[in-house]
Amino acid sequence: MADYEVARLEEIDELTDGRCAFRPVRHHFGITSFGVNTWTGRNAGDRIINEHDEVDENEELYVVQQGRARFELGGETVNAPAGTFVFARPGVKRTAFAEEPGTTILAVGGTPGQAYKPHGYEVWSQLRPLFEAGNHAEVAERGAKLLEDDPPYALVYYNVACSESLVGRRADALAHLRRAIELSEDLRDHAKSDTDFDAIRDDPAFKELVGTT
């Protein structure tokens, strides 16, 4: 394996969770120490950054790589031509729009005082719209293929296990939930009260896995 990797923006395929499409830079390179993605607005007026407020205490630094963006941060508007850095603290509601075609923003994020944990949102984004629409059979089918190479993403394993439980794939749900907990111990307690697992809650293997009697 080489000591470095190089990729141009257009060489990283876009993904979407049904909202603003993004390029999964962190996932593309296999970075595990910080989160980094890019968003491009193809037309003037396109929303580039989904509106959110990072209630989980993440800090985010945005860099306008090309074009010109309009940020809305906590009710205020910031004009940001190429080369502008915009730092958003946790709790500040933020979004951004392209003011010129092809406007691209790079975002780097992390939580102060905590090691970065890649949960695999980039991979899950491909299944999220299906999950939210209740298409759990398709999530289970496509999710199994995404997990064939055993990516180190607890979020993906957990959510696919939820769908598998909901469609009666008990063995798959238990196996994927087990792997999710191996990757992120916090998910053990979460699974105890998650109603998506009601169908397998009485299974001895589930009880052993989450520590219930």
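Predicted model: local features only at pLDDT ≥ 70, side-chain atom pairs only at ≥ 80, totals over all residues.
Me: ok, which residues touch the most other members in the largest nonpolar core?

Reply: They are Trp124, Val156, Tyr158, Leu177, Phe197 and Phe206, out of 27 residues in that core. A nonpolar core here is a set of buried Ala, Val, Leu, Ile, Met, Phe, Trp, Tyr and Cys residues joined through side-chain atoms within 4.5 Å. Buried means under 20% relative accessible area, exposed means over 50%, and partly exposed lies in between, with a 1.4 Å probe and protein chains only.

Me: And which elements give two or more residues to it?

Reply: Those elements are helix H2 (121-124), helix H3 (128-132), helix H5 (154-166), helix H6 (170-183), helix H7 (186-193) and helix H8 (204-210). The largest share, seven residues, comes from H5. Helices (H or I, at least four residues) and strands (E, at least two) are DSSP runs, numbered from the N terminus.

Me: What is Tyr158 in contact with, leaving aside its neighbours within four places in sequence?

Reply: Tyr158 is in contact, meaning heavy atoms within 4.5 Å, with Leu177, Ala180, Leu187, His190, Ala191, Asp194 and Phe197. Apart from this core lies another one, of 18 residues, and Leu15, Cys20, Trp39 and Leu73 are among them.

Me: Back to H6 for a second, is His176 buried or exposed?

Reply: His176, which has its place in helix H6, counts as buried at 15% relative accessibility. Not counting residues up to four places away in sequence, His176 touches Leu147, Tyr157, Val160, Ala161 and Glu164.

Me: New topic: what is the strand order in the open sheet of four strands?

Reply: The order is S1-S8-S3-S6, and the pairing is antiparallel. Strand S1 (35-41) and strand S6 (85-88) stand at the edges with a single partner strand each, so one side of each is left without a neighbour in the sheet. The twist averages 20° from one strand to the next, where axes are lines fitted to C-alpha atoms, for helices over the stretch in contact, and angles run from 0 to 180 degrees between N-to-C directions.

Me: How many bridges pair S3 with S6?

Reply: Strand S3 (residues 59-66) and S6 pair in the antiparallel sense over four bridges, and two strands count as paired if DSSP finds at least two bridges between them. Within this pairing, Glu60 stands opposite Ala88 in S6.

Me: How many residues of S7 are buried?

Reply: In strand S7 (residues 94-98), five of the five residues are buried, so S7 is largely enclosed by the rest of the structure. Both faces are covered, with Arg94, Ala96 and Ala98 on one side and Thr95 and Phe97 on the other.

Me: And which strands are joined to S7?

Reply: Strand S2 (residues 47-52) runs antiparallel to S7 and is joined to it by three bridges, with Arg47 opposite Phe97. Strand S4 (residues 68-73) is also antiparallel to S7, through five bridges, and Ala69 has Ala98 as its bridge partner.

Me: Are Arg26 and Glu122 buried or exposed?

Reply: Arg26 is buried, with a relative accessible area of 1%, and Glu122 counts as buried at 4%.

Me: What about Glu132 and Arg128, where do they sit?

Reply: They are four residues apart in helix H3, separated by about one helical turn, and their side chains meet in a salt bridge of 2.8 Å, N to O. Glu132 counts as exposed at 57% relative accessibility, whereas Arg128 counts as partly exposed at 23%.

How values were computed:
Residues numbered from 1 in each chain as written. Heavy atoms only, no water. Salt bridge = Lys/Arg side-chain N within 4 Å of Asp/Glu carboxyl O.
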